[in-house]
Each structure stands twice: as structure tokens, then as C-alpha cells.
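Please read it with the sequence and the structure in view.

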Amino acid sequence: METTNRTLDEALLRLHTAGPEFGGYLSNHGPMAVEAMVRNGQARTVHRWLDTYARKLEDVPAPQGRITDTNWQQALGDPGRVTDWTGYFTEQIAERPWRALLAEWWPRLLPGIAGAATHPVIRVGHAVRSLLTEGEDEARIAELAHALGYWAARHLLLPTTVRPQGGATPAEALAALPRITERNVMPLNGYAQLPHISGWLSTTESLHIPEDPEAAREGLTALVRAATLNYADHGHGHGILLVHAATAPNAVLRTLPALPRELWAGSFAVAWAAASALTTLYAADTARPAPSAAGLAPEEVFERAVTHGDEHAIKFADTALDVAAASEDGDSRALSAALNAMALIDKAD
């Protein structure tokens with residue numbers, strides 16, 4: 001455990017010398033991928049993978065001005081202030097427990113889950129999981145500050161408010177979602193189409209959101225499972241972007257244990273809105289069989305994802321393993337979904 005924790009911390013500190021994006025808008029997946037690798041028994045491969053991945057990363061952007069408790073609202077959602085936001089959360093997290101900071105900022109940031117194709121909340125979910133499972137230390141606490149800063153800078157509301165108030169299960173509602181005609185669309189442009197897509201809002205609002213926190217957690221777990229299995233059948237609509245329909249709600253699910261229970265139901269509702277949006281934009285119309293994972297152990301599937309090398313394949317395999325572990329029979333369909341991602345996404349160079 002000490003060796004794997006040291007590997008994670010070393011990798012995070014390396015990654016904190018780079019910015020959260022590169023190429024104009026692409027998210028730095030390094031912190032998410034290395035946490036998943038350490039978590040799933042692949043710590044020995046972390047630095048070798050990172051040596052290759054880091055070549056595409058860019059320097060930390062220059063700061064623009066200090067963010068404070070009195071001016072933060074003006075900077076929310078401004079990607080040009082990402083370094084300022086990281087500085088703000090670094091200061092805040094040095095002054096009080098990280099759980100208290102997260103509890104204060106989660107309700108502020110959660111409505112902006114759509115920003116940067118949901119990558120910021122996914123990064124927060126990985127950071128929180130490492131703190132909860134691997135323990136607290138300087139590098140992991142710093143990673144949470146970086147993740148929160150990225151989210152604040154990329155905070156983006158969906159173009160319409162979603163108020164789920166029906167009786168459908170996540171699997172039922174997900175299966176009923178409409179599709180857009182053109183899936184080769186960037187998320188920002190796709191989001192803008194949602195209010196005009198017949199049936200999207202009514203189907204999204206058909207989901208049942210229980211008020212009881214534990215029931216909400218179970219509903220969110222069911223959503224992650226439904227979105228993962230949906231990728232097995234419909235991932236060929238967009239191999240990369242559809243993975244976030246599962247990994248974003250799973251990030252929220254991973255964060256729940258660190259949050260006050262009164263925030264759980266609302267977190268489920270927002271995670272569903274994001275997952276339904278991404279499914280409508282990027283899931284294929286018709287199902288296509290995924291590669292079979294019969295006879296494969298979860299650790300073997302994850303090792304294949306690491307060998308594949310693409311950061312999205314690694315992150316999605318990590319979520320698929322969560323789904324399989326939560327199922328009584330191991331749910332080989334979730335593992336098949338992970339294999340499907342490897343088949344649909346180009347291998348890393």
C-alpha cells in the first residue's frame with residue numbers, strides 16, 4: 001500500500017506542473033487515469049504511461065488575478081481564470097478540512113456539471129475516491145484543489161432546467177431518450193440543441209428521484225449501471241464522448257460518502273440530467289453487439305485497458321469494474337462494455 005500510494009502521489013505532483021487542458025480545450029486526463037490505475041492494481045505501469053501521456057500536456061496558464069470570497073461569482077465559469085481558481089482552492093483547503101470545503105462548494109459547482117464535457121466533476125470524483133480510500137496527504141489534497149479549480153473555471157449550465165418528477169427507473173428513462181441526427185458535434189453545440197429535441201426534456205423529467213438519501217444513492221448506482229450497459233450496445237454512436245454518460249454519474253456516486261446526506265438526492269438529479277444529455281447526443285440509434293467478456297476476470301479487463309493506453313478506455317474500464325463489483329453475478333455485460341470502448345477508441349500512440 002505504501003508503495004502504490006507513493007506512486008500515486010509522485011504522479012499527481014508531476015501532473016500538477018501542467019495545466020488542466022491542452023490543445024485549446026482537451027482535458028488533461030492524467031490525474032484521473034493514474035488514480036484509476038493505482039486503484040485497480042496497475043501502479044507499476046503508471047509512470048511509464050505518464051511518460052508518454054505527458055508529452056501532449058501544456059504549461060499551467062498564467063494567473064489573471066486573485067479570487068476571493070467576495071469576488072468569486074464574477075470568475076465562475078471563466079476558463080481564463082483556471083489558475084486563479086486553483087490558487088483560491090489551494091488557499092482554502094490549507095485553512096480547513098477538505099470535507100468542509102467540498103460540502104460548501106459542491107452545491108455551487110454541481111449545477112455546472114456540463115462544463116468541459118463533464119471532465120471536471122469526473123476529476124473531482126477520482127480525487128475524492130483517493131482521499132477516502134488511500135488516505136489524506138499533501139499530494140491528494142492538492143489534487144482536490146486542482147480538480148475543484150478546474151470545475152469552477154469550466155462551470156457550465158445546461159440550456160434548460162431539468163426537474164425529474166416521474167416514476168421511471170434509470171434504465172427505463174435512459175432507453176426512452178431520443179437521439180439527435182448528427183453525432184459528430186462538440187458538446188457545447190450539442191447542448192444548445194437539447195431544448196429543441198422532441199421528447200428530450202419530458203423523458204429526462206420522467207425519472208424518479210427519491211427524497212430518501214439512501215434510496216437516492218441506490219438510484220444513482222442504478223444509473224451508472226444503466227449507462228455502462230447502454231455503452232455496450234450503443235457506444236458506436238461516439239466511442240469517446242459517450243463514455244462520460246457513465247463516468248460522470250459515477251464520479252458523483254463516488255463523492256456521495258464525503259457529502260452531507262441532504263445533498264444526495266439533488267446530486268442524483270443533476271447527474272441524471274448530464275447523463276441523459278450525453279446519451280441523447282452521442283448514443284447510436286440501434287444496438288450492436290459488444291465483444292464478449294465471458295471468462296475474463298475484471299483485473300484482466302482493466303489490464304487490457306491499460307495496455308490499450310487511451311485515457312478514456314482506462315477511465316471507462318474503471319467504471320465498468322465498479323458496476324461489475326456491485327452486481328451479485330459480476331455482470332460480465334459491464335466488462336463487455338469496457339471491451340467495447342477499447343474496440344471503438346483508437347489505441348494511444
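Tyr25, Leu26 and Met186 make a nonpolar surface patch of about 300 Å², where a patch is built from residues with over 30% relative accessible area and no salt bridge, like charges being joined within 9 Å and nonpolar side chains (Val, Leu, Ile, Met, Phe, Trp, Tyr) within 5 Å. The model is a predicted one, in which local features need pLDDT of at least 70 and side-chain atom pairs count only at pLDDT 80 or more, while totals for chains, interfaces and linings use all residues. Residues are numbered from 1 along each chain as its sequence is written, and side-chain values use heavy atoms, with hydrogens and water left out.

**Surface patch**

- Accessible areas come from the Shrake-Rupley method with a 1.4 Å probe, and for residues only the protein chains shown count as cover.
- Leu26, one of the patch residues, is placed in strand β2 (residues 26-27), where helices (H or I, at least four residues) and strands (E, at least two) are DSSP runs numbered from the N terminus.
- Leu26 has a relative accessible area of 37% and is therefore partly exposed, given that buried means under 20% relative accessible area, exposed over 50% and partly exposed in between (1.4 Å probe, protein chains only).

**Salt bridges**

- Side chains of opposite charge can pair when their charged atoms come close.
- A search of the whole structure finds 20 salt bridges, each being a side-chain nitrogen of Lys or Arg within 4 Å of a carboxyl oxygen of Asp or Glu.
- One of them joins the side chains of Glu35 and Arg129, at 2.7 Å from N to O.
- This pair links distant parts of the chain, with Glu35 in helix α2 (residues 30-39) and Arg129 in helix α7 (residues 119-134), 94 residues apart.
- Glu35 counts as buried because its relative accessibility is 4%, and Arg129 counts as buried at 5%.
- Between Glu303 and Arg44 there is a salt bridge whose closest N and O atoms are 4.0 Å apart.
- Since Glu303 lies in helix α15 (residues 298-308) and Arg44 in the loop between α2 and α3 (46-53), this pair ties together parts that are 259 residues apart in sequence.
- Glu303 is partly exposed at 37% relative accessibility, whereas Arg44 is exposed at 58%.
- Glu104 and Arg108 also meet through their side chains in a salt bridge, at 3.1 Å from N to O.
- Because Glu104 and Arg108 are four residues apart in helix α6 (residues 98-109), about one helical turn separates them.
- Glu104 is partly exposed with a relative accessible area of 31%, and Arg108 is partly exposed with 29%.
- Salt bridges that share partners join Glu35, Arg129, Arg254, Asp318 and Asp322 into one network.

**Helix α15**

- The buried residues of α15 are Val301, Phe302, Ala305, Val306 and His308.
- Seen down the axis of α15, these buried residues fall within an arc of 160°, so they line one face of the helix; the arc is that of the directions from the helix axis to the C-beta atoms.
- Glu299 and Thr307 are exposed on the other side of α15.
- The cover over the buried residues of α15 includes α2, α16 (311-326) and α17 (332-344), with contact meaning heavy atoms within 4.5 Å.
- Just after α15, Gly309 takes a positive phi of about 95°.

**Two buried loop positions**

- Gly19 lies in the loop between α1 (2-15) and β1 (21-22) and counts as buried at 2% relative accessibility.
- Although 63 residues separate Gly19 and Val82 in sequence, their C-alpha atoms are 8.8 Å apart in space.
- Leaving aside neighbours within four places in sequence, Gly19 is in contact with Asn28, Glu58, Asp59, Val60 and Pro61.
- Leu177 is found in the loop between α9 (170-176) and α10 (187-193) and is buried, with a relative accessible area of 5%.
- Leu177 and Gly199 are 22 residues apart in sequence and 7.3 Å apart from C-alpha to C-alpha.
- Apart from neighbours within four places in sequence, the contacts of Leu177 include Trp200, Thr203, Thr204, Trp272, Ser276, Thr279 and Thr280.

**Domains**

- The chain is assigned domain 1 (1-154) and domain 2 (158-348), the bounds coming from an automatic or database domain assignment.
- The centres of domain 1 and domain 2, taken over C-alpha atoms, are separated by 22 Å.
- The contact takes 32 residues from domain 1 and 33 residues from domain 2.
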